[in-house]
Amino acid sequence: MDNHRGAERDRTRHTRRAFLRAAAALAAGGETLLNARASSAAPEAAPPFFQTRGLVLTPGELEAMDCPALAKRLGINLLDFGHLVVWAAKEELGQKTMAECRRLGIDVEFGYHGPSGLLPRDLFDQDPSMFRMDEQGNRVREHNLCVHSERALEIACEAAARLSAVARPTTGRYHIWIDDGMPMCRCPKCRGLSDSDQALIFEHHLLKRLRRDDPKATVAHLAYHYTMAPPTQIKPEPGIFLEFAPIERDSRKPLADPVHAKLLEQLDANLALFGKEETQVLEYWLDNSRFSGWKRENIRQVPWDRELFLSDLRVYAERGIRHVRTYAFWFDADYIRRYGPPPFDEYAEGLRRWRLVGGKADGGA
Ligand SMILES: [Zn+2]
């Protein structure tokens with residue numbers, strides 16, 4: 001037990017030292033040093049290959065660290081606050097964070113699962129046809145909606161538009177996904193369409209509605225769980241972009257490991273349909289909530305693996321994907337007291353060092 005605690009102290013010290021060293025280097029103009037590494041393969045003036053370098057955060061991280069200032073220092077250019085749209089606009093910390101991001105030129109986005117909140121479930125009693133049918137042929141109140149119900153789509157999209165007016169993404173990118181890991185409709189009209197096709201129908205309606213208020217709006221098609229396979233019958237309209245969230249990956253093994261062959265096949269099939277240009281990766285490298293099995297009592301030092309992360313970046317870069325963010329949850333003040341700051345510095349540096357050289361992504365290593 002004591003040994004264990006001793007080892008933990010060592011790890012903590014090591015992590016804190018590494019962080020302080022990196023922070024000091026950056027404060028003293030260490031950017032030059034980092035850029036020098038990349039510049040062996042590319043002119044220093046070239047912008048980073050990864051255009052979006054993002055973190056998805058919760059108020060816990062924002063209370064524990066000055067995240068906008070840290071992001072600015074590290075070259076993180078996007079903060080994503082998940083479902084906290086109202087928080088961002090109305091709560092004190094949200095308002096302060098949004099103002100800081102604005103001042104520092106850091107983009108802000110939101111990403112959340114929509115239908116259960118956007119189509120009020122008590123409407124089931126009035127009109128069950130708006131809701132999804134299960135495998136047994138019963139309309140059910142829970143989760144998602146029927147994409148062949150015009151009324152369901154209209155109500156949900158109106159609600160999404162109202163919520164989006166409370167706090168808008170600064171990039172025009174809207175991430176409003178179907179319910180988390182829940183099946184879509186199996187009614188006679190929907191049955192012939194995969195969940196990916198049905199999700200795309202919902203996204204097309206969202207796009208059309210959101211563009212009435214925000215002409216530059218684009219909408220995510222989330223490849224995740226039931227929607228990991230690409231749509232086959234509905235074609236994405238311009239303004240829909242792919243968002244790849246490999247939650248089922250093994251985060252202890254790099255994506256290049258054969259265990260992920262099927263996942264990469266699905267990514268490639270999606271890229272062939274949606275194109276690589278606007279594709280977003282939503283990763284789990286720093287998701288300590290996932291590493292903890294979503295149980296607070298399991299929190300320990302995040303098993304960050306820099307080499308694995310850099311190898312994964314290569315997998316994405318070689319496919320021409322230039323927009324990357326990761327969940328970075330459960331690094332609150334208590335976590336930092338116990339384990340030191342999370343390795344945001346190594347995450348940011350890994351993203352910043354890539355350049356486009358002679359039309360090819362180059363990691364500069
Ligand atoms: Zn249906």
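Guide: The account below begins with the basis of the model, turns to one helix, and then widens to the chain. This is a predicted model, in which local features need pLDDT of at least 70, side-chain atom pairs count only at pLDDT 80 or more, and totals for chains, interfaces and linings use all residues. Residues are numbered from 1 along each chain as its sequence is written.

Helix α9 covers residues 195-213, 19 residues in total; helices (H or I, at least four residues) and strands (E, at least two) are DSSP runs numbered from the N terminus. From first C-alpha to last, α9 reaches 28 Å, close to the 27 Å expected at 1.5 Å a residue, the expected span being 1.5 Å times one less than the number of residues. Among the buried residues of α9 are Asp195, Leu200, Phe202, Leu206, Arg209 and Leu210; buried denotes 20 or more other C-beta atoms within 10 Å of the residue's own, with C-beta atoms placed from the backbone. Their cover includes helix α8 (150-166) and the strands β5 (173-177), β6 (218-223) and β7 (240-244).

The protein chain as a whole comprises 14 helices and 11 strands, and buried residues make up 40% of its 365 residues. Mean pLDDT, the predictor's confidence in each residue from 0 to 100, is 90 for the chain, and 87% of residues reach 70 or more. Over residues 1-43, however, pLDDT is below 50. Where pLDDT is low, the predicted coordinates should not be read in detail.

Key
Buried ≥ 20, exposed ≤ 12 C-beta atoms within 10 Å, placed from the backbone. Contact = placed C-beta atoms within 7 Å.
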